[in-house]
Protein chains: 2
Amino acid sequence: MATMRDVAAAAGVSSKTVSRVLNSDPHVHPSTRARVEAMMRELDYVPNSLATTFRSGRSSVIGVAVPDIVDPFFASIVRAVEHVALARDMSTLVTSLGEDPTRERLILESMLRGQPSGIVVAPISGDQSFLAAWSLRLPIVFVDRPPLGLSADSFTQDNFAGAFTATMHLVEHGHDRIGFLGDTVTVPTTAARLHGYRSALQAAGLSADDELIAMGAGTRASAACALQTLRGLARPATAVFSSNARCTMALLPLADPMSIVTFGDFPLADVLRPSLTVMAQDPAELGRLAAHRILDRLDHPNRRFRRSTVLPVHLVERESCVVPEDPADRASGPPPTATRSQTDGASLLV
Amino acid sequence: MATMRDVAAAAGVSSKTVSRVLNSDPHVHPSTRARVEAMMRELDYVPNSLATTFRSGRSSVIGVAVPDIVDPFFASIVRAVEHVALARDMSTLVTSLGEDPTRERLILESMLRGQPSGIVVAPISGDQSFLAAWSLRLPIVFVDRPPLGLSADSFTQDNFAGAFTATMHLVEHGHDRIGFLGDTVTVPTTAARLHGYRSALQAAGLSADDELIAMGAGTRASAACALQTLRGLARPATAVFSSNARCTMALLPLADPMSIVTFGDFPLADVLRPSLTVMAQDPAELGRLAAHRILDRLDHPNRRFRRSTVLPVHLVERESCVVPEDPADRASGPPPTATRSQTDGASLLV
DNA sequence: AATTCACATGTCACCGGTGACATGACGAGT
DNA sequence: ACTCGTCATGTCACCGGTGACATGTGAATT
């Protein structure tokens, strides 16, 4: 593994000159440059970016920590950050935080010890105050979920309004018993969506019974259980607002006639039959904004930025919301939104 | 940003002693240790892992380069590597290689300059010979796709056998005109799958006409076009072997009655109606094996390992393969494998 | 001829831990 | 009392580039 000094010795110059050649310093004689370059090639020299990085005190790496890279939502965020970083010749250190909130701190601190230029975090725990000391030294930007117990840049979506709109959409289709599906209330995203759901019911003059709210519905088994409960109520639910794509995907294999709106679009949501009506988010934009904020903070340490940016979400209306079936009158005409009949959908693939 | 020497000065000891405390060296007096630890807390000292890393000459990072992290297949590989790395207190540097084969080298070399302990690559270009020099210095392990122009460890799947089985499965259902869908032949994976497909047709005594083979079918538009062509043939195709999940997902919105088998399982493949019969791969296993190989190579520099490991893939039979419809005889009885009728499937969601 | 200056190149310290080796102190064993 | 070993701690160089600053050389300017 040839170092700069090896090249220098071979070319009969000082290591500084090699450094100059490497950084295309204009004050190097063409012939010297040629000689050095030849030697670099011959010794098949590769600069050790660890050394450069170390000396400069900061690695040109943007850390990204998300709950789970396999989730396409977070994967999109990661890819967007990566893309912005690449354009600035920086790289990306990715970590999944997993499910265990107590590990968040360990994972993030280990990432921070590597002296990244900045980090982008979609947190899983309920307290990021431990990042306060770090945020003095490098830009820390939150995506999807705002920081708790800490003031820092964040790019989130309008979860409240999105949930409100989604629930209203179901109400407008005539549903008055609408279930809520989510994983954990401790995640602020879910809390805000629950809040939006409740507000919509209230605005519509409907009661938001707790029995309509099913948490921990992130797996197929638990979603099945939740669904059964919703159906078994004295006044059964006829529709569901699923607060995230994971719950929806868990629900899909078993949800028979029931209207659904989901928070968050996902691959194939438009291909299912019926296709799913969703509140579309834009994870790539979230990632892009976060990455740019890191760069902006780095470039302009003294500039002030708006701390919290909330992106709108919008309703993508597809087929999964229909007027509830009236048991007394099965011939009540076609549902207003379903543009394809059920049998149509059935033949799509075979 | 306090350094070790700051702590040392504050505690009235040498920096080496602080280093010892940090590394829990037993030869430190308890009282000294306490004093140093107190000072570390007071100055809110954080070790600079860049320095340690630099001195040791190798960062405890495993680099992972995949075509696209948003693809759940590659995301699973990444997560598996991450998981193994974490257990060894190493971190993971992730990069997407993207679509452009000419950029592969640049991206990988930039990653390598960071002196990772090893890298895991799912390459996109047709030549990795430039990695030869690097592979002398650190373990380079290929996943999903074998290296080209280079001898290195690889963990792949049995693409040939998988494609053979998948195609045979369609043949056994009575199809004699089976189309092939893929993106690029230059990717060895696709080439092997095409080969398996051809061999199966040949083994079945069917002709593998070039007109049945549609490449570049990775987007919805191109998949639509390919499908139209296959349907418009003098002897139209009645079934399709899709060589990867991306093509399948592109095909889904528009494939009406046509039997499909896909290489690679993906989320929701079992929820679609009809659910998709697939050749299931195990990306997480691939990632796990690759990561362990990196660690093994690191731990046992002199041990010899089997270079190439090929994992089997297996058929997951679902509903998307049916006996071709005989135009002359529509009452030819139920298809042998479809366990749910089409109308059954239709009512699953509403 | 003296002065100035752009240019080509070199010297050296430094970034922050840590390995190799040194030192001093004290208790145990002969 | 002397040697030896263990413990607690210190010194110093080094990992590989690079910034600050110095030096030397020849051409242009006065």
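This is a predicted model: local features need pLDDT of at least 70, side-chain atom pairs count only at pLDDT 80 or more; totals for chains, interfaces and linings use all residues.
Reader: What makes A:T248 count as buried?

Author: Its relative accessible area is 0%. Buried means under 20%. The value 0% is under that cut-off, so A:T248 is buried. A:T248 is found in helix α11 of chain A, residues 245-251.

Reader: Which residues does A:T248 contact, leaving aside its neighbours within four places in sequence?

Author: The list is A:S242, A:T262, A:F266 and A:L276.

Reader: Why is the pair A:T248 and A:T262 called a polar contact?

Author: The two side chains come to 3.0 Å. A polar contact needs a pair of N or O atoms within 3.5 Å, one able to donate a hydrogen and the other to accept it.

Reader: What makes B:T190 buried?

Author: B:T190 has a relative accessible area of 5%. The cut-off is under 20%, so B:T190 passes. B:T190 sits in helix α9 of chain B, residues 188-203. Beyond four places in sequence, B:T190 is in contact with B:F180, B:T184, B:V185, B:M215 and B:S243.

Reader: How do you know that A:A65 is buried or exposed?

Author: Look at the relative accessible area, which is 1% for A:A65. Exposed would need over 50%, and buried needs under 20%. Therefore A:A65 is buried. A:A65 belongs to strand β1 of chain A, residues 61-66.

Reader: What does A:A65 touch, not counting residues up to four places away in sequence?

Author: A:A65 touches A:T95, A:L97, A:L108, A:V120, A:V121 and A:A122. Contact means heavy atoms within 4.5 Å.

Reader: Why is the link between B:D270 and A:R220 called a salt bridge?

Author: The N to O distance is 2.6 Å. The rule asks for a side-chain nitrogen of Lys or Arg within 4 Å of a carboxyl oxygen of Asp or Glu. Across the interface of chain B and chain A, the rule finds four salt bridges.

Reader: What sets A:D144 apart in its phi angle?

Author: Phi of A:D144 is near 70 degrees, a positive value in a residue other than glycine. A:D144 lies in the loop between β4 (140-143) and β5 (153-157) of chain A. At 3% relative accessibility, against a cut-off of under 20%, A:D144 is therefore buried.

Reader: What about phi of A:L268?

Author: Phi of A:L268 is near 75 degrees, again positive in a residue other than glycine. The loop between β9 and β10 of chain A holds A:L268. Its relative accessible area is 4%, under 20%, so A:L268 is buried.

Reader: Where is the cis peptide bond of chain A?

Author: The cis bond runs from A:R273 to A:P274, with omega near -5 degrees. A:P274 is in the loop between β9 (259-263) and β10 (277-280) of chain A. In chain B, a cis bond joins B:R273 and B:P274, with omega about -10 degrees.

How values were computed: Residues are numbered from 1 along each chain as its sequence is written. Chains are lettered from A and ligands numbered from 1 in the order in which they are written. Side-chain values use heavy atoms; hydrogens and water are left out. Helices (H or I, at least four residues) and strands (E, at least two) are DSSP runs, numbered from the N terminus. Buried means under 20% relative accessible area, exposed over 50%, partly exposed in between (1.4 Å probe, protein chains only).
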